[in-house]
Amino acid sequence: MQHGIQQKRRGPLWLVAIAAALIVGLVLALSTYEVGRTRAEASHPFGNTAVRDRVDLGIWVAKIDPVTQTTTVEVLATPRGALADKNGNFAADTVIYTSALKADPIKIKAGEPISAAEVKVVVEGTLTDYPFDAYDAVLAFDVFSGDRRLPTAATVASGDTLFAVSEQPESGADNGIDLGLHAARSVPSLTFALFIMILMLGLALAAAIACYYVLAGKRGLMFPAVSMMGALLFALVPLRNAVPGGAPIGSIIDFTSFFIAEGIISAALVGTVIVGYRVEMAKEREEEADTQHPTDQFRMLTPQR
């Protein structure tokens, strides 16, 4: 009677524990999402923001491409105060010099409608450090109207969800904008990559346990276990390629999880088949010895006259 009551009590406790774990996991997931969303929408002002007659640059880091070692930046220049005409356009011809990959400056004619210009900036980093890779770049902008350097302010924001971007103003900038840009993997992409790494190692451990179960018990060729290991062996490739960011072969993720998992599963599969085959052959020989022809057994048992 008491045993039945204890079992009834354990049931609700397990349900409460599972529900609490789900709630905690959901809260952590939504908190991580909110942090990433807030950081992606944040913009940071730099430069001569206190000067009334200035040029405001809206700098949008659209995409960081670690493969080509470049980042795409969109720049929108807006005149303020006496630098703008009555329509809000530039009152005089203006040239914006940048630290872009191509040395061509951005030229804006007086009175023409303002549009965003796209430039590519070189970034420095090592892609094979994935998922712990980080990249640095320098964003430099100088705005001139004729021979006069105009006071400039800038607002920097990022739209690349795979990276968390931070900016640091460089010292010595006079009226222009000179920023050091640092980009590291965002929390969601880093979390997903680490999850994939742990999952691959866990699958390798599962294959090793299945191999030990088959070999230690001398169970021979167990095709369900062999099929499972074969499926895991080929499933790891698309699983590894599912990580965000397109990490090349030979990255940290490979040497710390993928190569290890592939090696363990391959050894478990080959060992299970070879040793299982030997066990099966030994069993067959024993069965043949135990099931000799009845006539041969009768001759062995009959005394010779």
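Predicted model: local features only at pLDDT ≥ 70, side-chain atom pairs only at ≥ 80, totals over all residues.
Guide: Helices here are DSSP runs of H or I with at least four residues, and strands are runs of E with at least two, both numbered from the N terminus. Residues are numbered from 1 along each chain as its sequence is written.

Visitor: What makes Phe 255 and Phe 259 an aromatic pair, and which type are they?

Guide: Phe 255 and Phe 259 have centres 5.2 Å apart and planes at 90°, and the pair is edge-to-face. Both residues lie in helix 4, four residues apart, about one turn of the helix. In general, an α-helix has 3.6 residues a turn, so residues three or four places apart point the same way. Ring pairs also join Phe 255 and Phe 259 with Phe 258 in a cluster.

Visitor: Why do Phe 255 and Phe 259 get the accessibility labels they have?

Guide: The label follows relative accessible area: buried is under 20%, exposed is over 50%, and partly exposed is in between (1.4 Å probe, protein chains only). Phe 255 has 55%, so Phe 255 is exposed. Phe 259 has 34% and therefore counts as partly exposed.

Visitor: How do you know which residues Arg 185 is in contact with?

Guide: Contact means heavy atoms within 4.5 Å. With neighbours within four places in sequence left aside, the contacts of Arg 185 include Tyr 130, Pro 131, Asp 133 and Phe 163. Arg 185 lies in strand 12 and, at 9% relative accessibility, counts as buried. The C-alpha atoms of Arg 185 and Asp 133 are 6.9 Å apart, although the two are 52 residues apart along the chain.

Visitor: What sets the peptide bond from Tyr 130 to Pro 131 and the phi of Gln 69 apart?

Guide: Most residues other than glycine have a negative phi, and most peptide bonds are trans. The bond from Tyr 130 to Pro 131 is cis, with omega near 5°, and Pro 131 sits in the loop between strand 7 (124–125) and strand 8. Gln 69 has a positive phi, near 60°, in the loop between strand 2 (55–65) and strand 3.

Visitor: How do you know that the length of helix 2 is close to the expected one?

Guide: The expected span is 1.5 Å times one less than the number of residues. Helix 2 (residues 187–216) has 30 residues and reaches 43 Å from its first C-alpha to its last, close to the expected 44 Å. Its buried residues, among them Ala 193, Met 200 and Cys 211, pack against strand 12 (177–185), helix 3 (223–241) and helix 4 (252–290).

Visitor: What makes a residue part of the lining of the second largest pocket, and how many residues line it?

Guide: On a 1 Å grid over the protein atoms alone, a pocket is an open set of points with protein on both sides within 12 Å along at least five of seven lines, whereas a cavity is a set where a 1.4 Å probe fits but cannot get out; lining residues have an atom within 4 Å of a point. The second largest pocket has 13 lining residues, and Ile 106, Lys 107, Ile 108, Ile 114 and Ser 115 lie nearest its centre. Strand 5 gives the most to this lining, with three residues.

Technical notes: Heavy atoms only, no water. Phe/Tyr/Trp six-rings, centres within 6.5 Å; stacked < 30°, edge-to-face > 60°.
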